[in-house]
Amino acid sequence: MSALSNSTWDRRNVLRAAMGLAAAGGLAACGGNNGRGGGASGVNLTQYFHAYGEQGTEQAIKRYAKAYDKANVTTQWITSSDFESKLFATLLTDKAPDLFEFHPQIQLVRSGQVADLTDLVAPVKSDFNPADITSHTVDGKIYGVRMIDDPQFFFYRKSLLEQAKVEVPTTLDELMEAAAKLTTGKVKGLYMGNDLHSVNDTLIWSAGAQHLDAKNEIAYHTDGVVEGLKKMRKLFTSGDLLLGAPTESWDPSSFTQGLCAIQFCGMWAMPAIQEALGDDWGVFPFPKTVDSGKQSVYNGGWSMFVNAKGKNVDAAKEYVKWLWIDQKKYQEDWATSYGFHIPPRASLAQSATKLKSGNAAEGVRLFNEFGHFDNIGWTQAMRTAFEDVFANSVRKDMDPEAALDKCDTVVNRELKKLFG
Amino acid sequence: MSVTKTPDLARPAPAKASPARPRRGLRGSATLNFWLFTGPFLIGLAIFIYAPILWSVWLSFFDARFTVTPDKFIGFDNYTYMLTNDDFVGSLGTFTVFAAFIVPTTWAFSLGLALLVNRLRFMRAFFRSVFFLPTACSYVAASLIWKMSIFSGVRFGLMNTVLGWFGIENIAWLADPNPPWYWLVIVSARLWLQSGFYMILFLAALQNIPGELYEAAAIDGAKPGWQTFRHITLPQLRATSTAVVLLLLIAAYQAFDEFFNLLSKTTWGRPPLVELYYKALGESQDYGAGSAGAVILTVLICVVTLFQGRIMGFGRGDESK
Amino acid sequence: MPQLDETPPTRRTRRGGRGRNVMSSTGLYFATAVAAFLFLVPFYLILRNALSTDAEITGENWQFFPTDLQWGNIGALFDDSSVPFARSLWNSTVVAVLHTVGVLLICSLAGYGLARIPYKHANKIFYVVLGTLMVPTAVTFVPSFVLVSSLGWVDTYRGLIIPGLFSGFTCFLFRQYFLGFPKELEEAARVDGLGYWGAYWRVVVPNSLNFFAAIATITFINGWNAFLWPLVIGQDPSAWTVQVALSSYTTGQTVVFHQIFMATAISILPLLFVFLFLQRWLVQGIAQTGIKG
């Protein structure tokens, strides 16, 4: 707590200093009224972040912002399930944030919502993970700067698997078997979130398919995916799956509280899991959906975008460059001091010692070996349409073919609007 | 604004108004007075309610994605899209089922509570307060208690704990739609939040029923209990019942908060408002289609309300007064 | 005016034998007690969870009461700098109070005008008001937000309060009530030379305080409990209301049970007080509404 009160104290001091320094005192006082941090310059920027669950993340983002002296950067820390609606609603207004974090999605580019950041990234382009460049590129221009990569895979309790004499599963069938063997009384074998949406993407990849092909046509509607959906339905009704947990799968609580033996989660949760379970855990990728498939890992993450319709596009770009291109120390702090994330910059990934050993190193290996990145053409509307496939054919008992057909209609409508 | 007049409220009314005040012709200034009284309200209504409504209607004829100031007129495309959209049409079905169930249930439940409390001799105020208290809670708070504590799908949920005493396995109340336990969650939350208020309405009406009616009925040989209830109490509550049904219907149309909070990421159990919210705001940012859906919904609500008014005679009383 | 806490009239009619009376009243109290118990369970859960540690709440076995009451949870809630909970309580108070005053003033005037001042288009205007009841609020939510934001009212009390003042429903309730208001009282006021305005403030309002109190309570509750609108208007945490703060605990990545429930408990507390004190007026006011027909 003392750290927290310190930070407000600091902020007040900075504000006071700023007020003393600023010749135009009125301006600073005005900023103070708005709860904005101090700074000698008159440019005010607002940035949107979704609420990260790890302790200290909000303070960190605000600390970086305060260290910037060319603009007053205000952070809106938005609780996650409201993040999209709030972001999208405000982007329409003159209260829109100047910069925001989100995932690369082409509709933002097509509607002219996000600014071209090619000139920022170009000088260090080679230092970025090439996949992080590709996933942010439309027609040769780069529209966002990746801050962190978040590989997502399964976490398992070593001791529980040993007790039940279960090997680490490599196929979906083995996973189902393992879940059944690991389910005992109050502990369920497996947790993949209450809605199972976290494994949507990996199910497609592990079936040897992908979302869209190179011509931006549907590529997820394959026999392998259909078979995978049927297996998921079987798993869902088997009683071996933890359902109705209070936290979703991005939070490791269900795993650490001992509600399940295996949970799908993200690399960010590693420090929390380590603290709760010591060394009694390991990670493995999403198993092969069908024999012809391949194990896969979803390389999610968050990127910074500049609102092209904002009032301070140039100042916002400068801030993005300063923090997410130049300030490597902050980038490393952000990636490894709270939850674990993989820095998209090769130079940082190499020097990040916390990711060099134990399960973290294993996570990095899975990221490199099995990882798939976002396809920028796969938009939020398509994402939701595919989530509905899971809702309809896994949680309810609709025929997977019919559910996929329904999804095709929506996706084709989107594709037509985006690519003609 | 007329806000400046508030102090009058506190000032004690003088026994006689000052005779020096010029007497206003009542009929002559009626129109002016009418606007004086209703003006502030109507202006606000125009700006904050009707302007957005019209804006929505206008949007519904445009290809408005990621913008609320579109320029591509597309006629009725949004309407055909919404009317052929399974999810939206399905949600209209959901809403109908939901309304058809929740309205009579809440009606009966709150009437039952009112009858109980009305017959109590001791601790009436206490029990009335107990039933009334949940009215103070928000849907946000209730959804939270229901989701996190009562109907949590894991072992530390209250319902699962209680069932566990009888050796019944944990149930995923909200995550698994088969069987559709989620309706139990939704309905119980709604009953808890709403019934107390309607109980008060019924209680007030019950106490307005003249005791003589019951005495007369007893003399005529009506047995206390069902007979008196059927032939005296219920007819006497007719007006209140009508009002309660109307209020419940409006509340059912507006159902959003608890569905939104309890049933995220489903394709079932979605009332139209939730569907529209996701359409317009959540994923696709399709304000055109969202607005078209809103217009369809509004028209539907108007029809249902007018129909219901015809049947139950609501509003007829006004004109005769 | 009904005196609600008096012996109900129905009692006089029960003339069964004494034994039957005792039987039925035992059953009556039993049924009421069971219902009351069920109604109180959620409140019990709020308190239990608010004063427990998370380990106790999520533990293997159900604990009816925390081993040690964790009063420190209150302090922890207010110390958490990521959610300005104290500030949000204050915002909610300001918003709910001003909302209530504004709604009462504007809607009662309009309701009176519609009910009692003869004007040839009054009925048409009434239907214009009634029409707003049929349009769900969330439908117009986006255009409303854009409109309010273009007025520069985001993050302000104005933006939180003013758009919500024009409640068609409250206006409708007032109209129904004033339709049943005794005409003689107003006639007398007019004979004394008061215009509509004078008669309204000096005769109508002072004789309607019960009803005003009832509407005030309902309006206050709605103002305090509103969620969707404050969620979008309160962009900056300093402009959050308590419901928004509450939802921010539940939707964050991690779930801290005791914090969530302590916040819930504190958010409900003011309303419980309002309720317990104003209940009598509320009940009496409702008894007088046009609702009863």
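Axes are taken here as lines fitted to C-alpha atoms, for helices over the stretch in contact, and angles run from 0 to 180 degrees between N-to-C directions. In this predicted model, helix α18 (residues 380-395) of chain A packs against helix α19 (residues 400-419) of chain A at an angle of about 170°, and their axes lie 9 Å apart. Because angles over 145 degrees count as roughly antiparallel, α18(A) and α19(A) are therefore roughly antiparallel to each other. On the side of α18(A), the contact is made by A:A381, A:M382, A:A385, A:F386, A:D388, A:V389, A:N392 and A:S393, while α19(A) contributes A:P400, A:A403, A:L404, A:C407, A:V410, A:V411 and A:E414. By residue class, this contact of α18(A) with α19(A) comprises eleven nonpolar, two polar and two charged residues.

Elsewhere in chain A, A:S303 lies in strand β10 (residues 297-306). When neighbours within four places in sequence are left aside, A:S303 is in contact with A:E101, A:F102, A:H103, A:P104, A:H136, A:G144, A:V145, A:R146 and A:M147.

Between chains, the contact of chain C with chain B takes 95 residues from chain C and 99 residues from chain B. Helix α15 (residues 257-288) of chain C supplies 13 residues, the largest share of the side of chain C that touches chain B. The residues of that side of chain C divide into 64 nonpolar, 23 polar and eight charged.

How values were computed. Residues are numbered from 1 along each chain as its sequence is written. Chains are lettered from A and ligands numbered from 1 in the order in which they are written. This is a predicted model: local features need pLDDT of at least 70, side-chain atom pairs count only at pLDDT 80 or more; totals for chains, interfaces and linings use all residues. Helices (H or I, at least four residues) and strands (E, at least two) are DSSP runs, numbered from the N terminus. Angles under 35 degrees count as roughly parallel, over 145 as roughly antiparallel, 65 to 115 as roughly perpendicular and the rest as oblique. Two residues are in contact if their C-beta atoms, placed from the backbone, lie within 7 Å. Ala, Val, Leu, Ile, Met, Phe, Trp, Tyr, Cys and Pro count as nonpolar, Asp, Glu, Lys and Arg as charged, and the others, Gly among them, as polar.
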